[in-house]
Amino acid sequence: MVAGSETFGGVLSDVRAFCAVVDHGTVTQAAEVLGETKGSISRRVSRLERELGVTLLARTPRAVSPTVEGLAFHAKAQESLALLDGALETARDARTLPRGHLRVTTSIDFGIEVMPDLVATFRARYPQVTIDLLITDTRLDLAANRIDLALRLGSGEGQDGGYRAPVLASLMIGLYAAPAYLVGRGAPATLDDLSDHDLILSRERLGAAPVRLSDGQGREGQVTARPAVRATDYATVLRLTRAGAGIGHIPSLVAARALKEGALVPVLPDWASRGGVLRAVSLAGRELPARVRLFRDHVRLGLAAMREEAGEETGSG
């Protein structure tokens, strides 16, 4: 027998051939079951015996029967083949059946304001999928952190060849305010009127940085004003705007829930800034499991519905 410290270096199909002979009693029956010739089955068993250094089958002109060593090997081999077949089935099912664990990362803005509803509706539809949601503005390495999907905001440029990165949505950044703020300060009628209002901006817009906007009809404009409040992320800009601190410059998808609830209303709704795109980034070079593909598509459809509710066009170009 093979020593305990050795590994099997033979062909797995040879083990299957031997087990089939023992299970069905003859080389002829084993050949029929496996779709091979009797000569092929005999050669496989002989090769396996040479690999193991033992005789597995006692052969006579009229019959074959397992030896003592053959019976012992057959019992263990059958267990191992059953485990292997189960693993293969699980791997194949992963391509077609949504089950297992999913690790997703996205920015703070999207993670806090957009993802909860999308995760909840996905889990309601596919309860066999569990999810880790990693919310951070740090761009985590997908392989090192075992991440299946990264939902990343950025420019319209693609990723390098090591990743898949289809566009899920094009982003627009609009102007929004709480109804109570507009009651007290009045609603601006033109871009120039914004200079009389408190603006809430995010991130790198330091000092009197210009906010560039367009109306979708070819007209361009900009607002240059020192923000009344500046925050590090759009999620905080949203909360400040809901609290009535001023007019917030917020991605429409981040503001969508507040708009639906009536906590915010659009300001100068014909004007908005282009905010790049949202991409679904995954490692290239392998077919995505069903749980990843279905979650990616669920996010795409969910974002399209949110943009439609906000009155935006939903093309992702």
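Select Arg185 and Asp198: they form a salt bridge (a side-chain nitrogen of Lys or Arg within 4 Å of a carboxyl oxygen of Asp or Glu). Their closest N and O atoms are 3.0 Å apart. This is a predicted model, where local features need pLDDT of at least 70, side-chain atom pairs count only at pLDDT 80 or more, and totals for chains, interfaces and linings use all residues. Residues are numbered from 1 along each chain as its sequence is written, and side-chain values use heavy atoms, with hydrogens and water left out.

Now look at where the two partners sit. Arg185 lies in helix 7 (residues 179–185), and Asp198 in the loop between helix 7 and strand 8 (199–202), so the pair ties together parts that are 13 residues apart in sequence. Helices (H or I, at least four residues) and strands (E, at least two) are DSSP runs, numbered from the N terminus. Arg185 is partly exposed at 37% relative accessibility, and Asp198 is partly exposed at 27%. Here buried means under 20% relative accessible area, exposed over 50%, and partly exposed in between (1.4 Å probe, protein chains only).

**Next stop: Arg44 and Asp14**

How many salt bridges does the structure hold? There are twelve. Select Arg44 and Asp14 for another one of them, with closest N and O atoms 3.0 Å apart. Arg44 is in helix 3 (residues 38–52) and Asp14 in helix 1 (residues 12–24), so this pair ties together parts 30 residues apart in sequence.

**Next stop: Arg257 and Asp117**

Select Arg257 and Asp117. Their salt bridge has closest N and O atoms 3.1 Å apart. The pair links distant parts of the chain, with Arg257 in helix 9 and Asp117 in helix 6, 140 residues apart. Arg257 is partly exposed, at 30%. Asp117 is partly exposed, at 45%.

**Follow helix 9**

Select residues 252–261. The buried residues of this helix are Ser252, Leu253, Val254, Ala255, Ala256 and Ala258. What covers them? The cover includes helix 5 (108–113), strand 7 (167–177), helix 8 (234–242), strand 12 (247–251) and helix 10 (290–309).

**Cross to helices 6 and 10**

Two packed helices are described by the angle between their axes and the distance between the axes. Select helix 6 (residues 115–125) and helix 10: they pack at about 130°, with axes 10 Å apart. That makes helix 6 oblique to helix 10. Axes are lines fitted to C-alpha atoms, for helices over the stretch in contact, and angles run from 0 to 180 degrees between N-to-C directions. Angles under 35 degrees count as roughly parallel, over 145 as roughly antiparallel, 65 to 115 as roughly perpendicular and the rest as oblique.

Show the side chains. In helix 6, Met115, Leu118, Val119, Thr121 and Phe122 make contact (heavy atoms within 4.5 Å) with residues of helix 10, including Arg291, Leu294 and Phe295.

**Last stop: two loops**

Select Arg146, in the loop between strand 4 (129–135) and strand 5 (149–154). Its phi is positive, near 55°, in a residue other than glycine. Arg146 is exposed, at 60%.

Finish at Leu268, in the loop between strand 13 (265–267) and strand 14 (273–283). Leu268 has a positive phi of about 50° although it is not a glycine. At 10%, Leu268 is buried.
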